[in-house]
Amino acid sequence: MTTYFITMGVRATCFVLMVAIMPYGWHTLILALGAIVLPYIAVVLANVGKDAKPTGIVAPGRALPATPTAPPPRPAAAPDVIRLTEQPPRPEDPEK
């Protein structure tokens with residue numbers, strides 16, 4: 001959080017100096033680039049996660065039950081295969 005606030009403070013300073021310093025010149029371009037690029041850098045540095053805790057190896061538990069269970073019964077009227085057939089276009093149908 002501290003790194004983010006410092007970087008955003010530098011960005012705000014760049015923006016104010018970009019507007020306040022007259023006459024505009026090459027330094028204005030550098031301050032504008034700082035005001036544009038520093039938010040990205042601040043977010044990336046904030047998300048690096050310096051305070052991440054290292055984790056050890058954790059053995060997974062059993063994902064499946066020890067004994068297999070029987071599948072649920074299927075209804076008797078359910079078809080095993082669905083068939084689709086196409087018919088050639090009829091000569092009296094000009095749209096196809």
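Helices (H or I, at least four residues) and strands (E, at least two) are taken here as DSSP runs, numbered from the N terminus. Counted that way, the protein comes to two helices and zero strands. The model is a predicted one, so local features need pLDDT of at least 70 and side-chain atom pairs count only at pLDDT 80 or more, while totals for chains, interfaces and linings use all residues. Residues are numbered from 1 along each chain as its sequence is written, and side-chain values use heavy atoms, with hydrogens and water left out.

Start with the overall surface. The protein exposes about 9300 Å², and carbon and sulfur atoms supply 67% of that; accessible areas come from the Shrake-Rupley method with a 1.4 Å probe, and for residues only the protein chains shown count as cover. Of the 96 residues, 10% count as buried. Buried means under 20% relative accessible area, exposed means over 50%, and partly exposed is in between (1.4 Å probe, protein chains only).

Next come the helices themselves. Helix α1 covers residues 2-20, and helix α2 covers residues 26-47. P23 sits in the loop between the two, and the peptide bond from M22 to P23 is cis, with omega near -10°. Even so, α2 bends by about 35° at V37, with a proline, P39, following within four residues. The bend at a residue is the angle between axes fitted to the seven residues ending there and the seven starting there.

How do the two helices meet? The buried residues of α2 are T28, L31, A32, G34, A35, L38 and A42, and they pack against α1. Contact means heavy atoms within 4.5 Å. On the α1 side, T7 counts as buried because its relative accessibility is 10%. T7 touches L38, A42 and L45, leaving aside residues up to four places away in sequence. T7 and I41 are 34 residues apart in sequence, yet 7.8 Å apart in space, C-alpha to C-alpha. T13, also in α1, is partly exposed at 44% relative accessibility. The C-alpha atoms of T13 and A35, 22 residues apart along the chain, are separated by 8.3 Å.

L29, L33, I36, V37, Y40, I41, V44, L45 and V48 form a nonpolar surface patch with about 850 Å² of accessible area together. Patches are made of residues with over 30% relative accessible area and no salt bridge, joining like charges within 9 Å and nonpolar side chains (Val, Leu, Ile, Met, Phe, Trp, Tyr) within 5 Å. A salt bridge is a side-chain nitrogen of Lys or Arg within 4 Å of a carboxyl oxygen of Asp or Glu. L33 is partly exposed, at 46% relative accessible area, and V44, another α2 residue, is partly exposed at 36%. V44 and Y4 are 40 residues apart in sequence and 9.0 Å apart in space, C-alpha to C-alpha.
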